[in-house]
Each structure stands twice: as C-alpha cells, then as structure tokens.
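Let's take a walk through this structure together, one step at a time. Keep the picture open as you read.

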2 protein chains.
Amino acid sequence: MASIGDPEYKASSTPVPASGSGGADYFKFDVILRFLLFAASLAAVLVMVTGNQTEYLPLPIPAKFRYSPAFVYFVAAFSVSGLYSIITTLVSLSAIRKPNLKTKLLLQLIFWDAVMLGILASATGTAGSMAYLGLKGNKHTNWNKICNIYDKFCRHVGVSVAVGLFGSIVVLLLIWVSAYSIHSRVPK
Amino acid sequence: MASIGDPEYKASSTPVPASGSGGADYFKFDVILRFLLFAASLAAVLVMVTGNQTEYLPLPIPAKFRYSPAFVYFVAAFSVSGLYSIITTLVSLSAIRKPNLKTKLLLQLIFWDAVMLGILASATGTAGSMAYLGLKGNKHTNWNKICNIYDKFCRHVGVSVAVGLFGSIVVLLLIWVSAYSIHSRVPK
C-alpha cells in the first residue's frame, strides 16, 4: 500500500498542492474505518436479531426485538449503515486511483457521513434507553424491569447497543479524517 | 454585512485563493445557524423542565422529567449544546475579521460540531423513544402508556423532542457549511 502515493503524482493532470500525497494515506484510513463500520453494522444487526428468547411463566411469552419500535429502528438504521459502508468503501477505493475527483468526493463523503452519524447516534440512543429501561425499570411509571427474566435477550440487546455505539464513533472518526484530508489540501 | 468580503482581501498576508471571499459569507451562515442552535437548545431545555404535572389518582402522583434518566440526559445534552453554541458563535464572529485563522478554525469547528451532532442526535433518540413509550405503551412488556393521564407533561416532552430534532438538524447543517467552506478554499 506504500506505493499508492507515487502514481498519484504522475497521473495527476491538475496542480496538486504539496500536501496532496498525504491525501492518499487518509483514503487508506477511510477505507479501513469504513470496513470497521461495515463489521460493526453487521454485528449490531445480527446480535440484535438473534436475541429472541421465550420464557414459560408458565405460558410461553417470547421476547423479540420486533416487539419494540426502538429496536426495529435500531436494526433498520444499522442495516442502512451496513449497505452505506459497502457502497462508500467501493467509492473510496476507486478514488485512490483518481486524485482529480478526490476533493469533491471528500466533501460528499462528509455530507453523507454526517447524515449517517445523526441516524446511527439517534438509533443507538433509542435502543440504549429501552435497554436501560428493561434493565432497571422505572418505578415512577410502573414500568417493571424485564432483564431479570429475559437474560439472554437483554445480553444480546446490550452487546448490540455497545457495538452500535462503536459504529457511531467510527462514523465520527470518518468525518474527522475526511475533514482533515480536505483541510490538508488548502494552501498554507 | 456585505462589506466583510473586502477587508479580507486587503488584510490578508497569505495568498488567499480566488474563492476566499466566499468564505466570509459562509461564516455569516455559520453565525446564524449557531444562533438557531442556541435558541433550539434553550427552548428544548425550558419546555422539558417546565413539563412537571401532578395528578390526583386519588393520591397526588407527580410526573417530572427528573424521574426518567432519558430526559435527564436530554436536558444535560441540550444544556451543553446551548453553552457550546454561545462559545462557538463568539469564536465564529471573531473569525470574520481574522481570515488567516479561518481554515484551521473551520476544521476545529467540524471536529466539535460532529461530536455535538452525535450527542444531540442520541439525546433526541433517547428522549423520543421514552416519549413514544409514554404515548403508546408496550403491551408485550406490560409498560402502560401514561400520556392519557399526564397530558400536559407529554405535550411538553413532545414539543421538547421536536425542538431537539430541529437542533440536531441545525448541527448537521453547520457541519455541511463548514465542510463546504473548507472545500471552497482548495484550489481547483
């Protein structure tokens, strides 16, 4: 991967500023982070979806992510981010060889990454608050905790929310990398 | 405010690119959006905090935002964003007269705005999910709705979450404006 910087200088037909070769390295970070986002999205969705648990009290009462709109939103948001990360990884990979498109592409990536950050952070907050309510309950409203009964379900939800938080932080880092990358192209 | 573009060219000691005068206008947008963020934060916190309601069923049972960790987090997050918007408005205003600092400042604003977006979006999601639960309840977990009893409290929470969503979108726009502003300084 160390040879990526060289063809950029030769292939470029526009005057690339002195810090232009640094841009290629940032795209490498970008691809790595997007892969992490994909892994986190996939893990968050899979762990959430496989959390179903049925308890006999004495009648069978199942707990499913589908029963809570918060968890449905969470799964939808991270499914979208998984798809988004695949598409943008391909875009980012293709840009490593086309330095002319890079600055405009970085701007578009920041735009969409910021939208994804909003969606994923709100989804993590939504699912996290429901997970906390299931764990602790709320005596003021007589909402009893359920995690003492549905232990496996709650473990899955907890892990899924933690992975979702990690995914949200990865998107934050993506915005930082893209912003720093554009910033490095401005002449001093 | 139309005269801001001119002194920049004269006062600048570094070579500003052709699109540099556009940067001043973006800072004007920036200040306006930050003021909107301040107004939204203040409104969200005030409406949430003043929602207390006591119902006699027949004993007096109050509903307060303080009883739900989700709403406490919401109030804390928007208090922080209110303070943040004041500080960054002053920073942004001071930058209008110092064009040399602008590009680095824009980068720092994107960094912190992205952090705020994550915090505010998660707070809005958290409070929103609790508001929805209070409105609809969840029969699978026997969490009964409370908004049929605490109507004023729920109205306040609903308005507060809507204003919070508006504030989150304003932060998203702030990131877009800053990113576009940095992008406009990169030579074509």
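**Two chains, one turn**

Chain A can be laid on chain B by a turn of 180° and a shift of 0.0 Å along the axis, with an RMSD of 0.0 Å. The two copies are thus related as by a two-fold rotation axis. Bear in mind that what you're looking at is a predicted model.

So where do the chains touch? The contact takes 38 residues from chain A and 38 residues from chain B. The area buried between chain A and chain B comes to about 3500 Å², and carbon and sulfur atoms give 80% of that. On chain A's side, A:Trp143, A:Trp176 and A:His183 supply 17% of the area that this chain buries against chain B, more than any other three residues. And since 100% of the interface residues of chain A are also interface residues in chain B, the copies meet through the same surface.

Now pick out one helix, α4 of chain A, which covers residues 102-136. α4(A) has 35 residues and reaches 48 Å from its first C-alpha to its last, which is close to the 51 Å expected at 1.5 Å a residue.

Is A:Thr103 buried or exposed? It's buried, because its relative accessible area is 14%, and the cut-off for buried is under 20%. Leaving out residues up to four places away in sequence, A:Thr103 touches A:Ile182 and A:Arg185, plus B:His183 and B:Val186 from the other chain.

Next, look for the largest nonpolar core, which has 91 residues. Which of its members touch the most other members? They are A:Met48, A:Phe71, B:Met48 and B:Phe71. Helices α2, α3, α4 and α5 of chain A and α2, α3, α4 and α5 of chain B each supply at least two residues of this core. The largest share, 14 residues, comes from α4(B).

An unreviewed UniProt entry lists residues 31-50, 70-93, 105-133 and 161-182 of chain A under "transmembrane region". How does the model look there? Residues 31-50 of chain A are 95% helix and 0% strand, with the end C-alpha atoms 29 Å apart. Residues 70-93 of chain A are 100% helix and 0% strand, and there the end C-alpha atoms are 34 Å apart.

Conventions:
Residues are numbered from 1 along each chain as its sequence is written. Chains are lettered from A and ligands numbered from 1 in the order in which they are written. This is a predicted model: local features need pLDDT of at least 70, side-chain atom pairs count only at pLDDT 80 or more; totals for chains, interfaces and linings use all residues. Side-chain values use heavy atoms; hydrogens and water are left out. Helices (H or I, at least four residues) and strands (E, at least two) are DSSP runs, numbered from the N terminus. Buried means under 20% relative accessible area, exposed over 50%, partly exposed in between (1.4 Å probe, protein chains only). Contact means heavy atoms within 4.5 Å. A nonpolar core is a set of buried Ala, Val, Leu, Ile, Met, Phe, Trp, Tyr and Cys residues joined through side-chain atoms within 4.5 Å. Copies are superposed by least squares on the C-alpha atoms of residues with pLDDT of at least 70 in both. UniProt positions are given in the numbering used here, feature names are shortened, and annotations may be inferred rather than shown by experiment. The expected span of a helix is 1.5 Å times one less than its number of residues. Buried area is the accessible area (1.4 Å probe) that two parts lose on being put together, summed over both.
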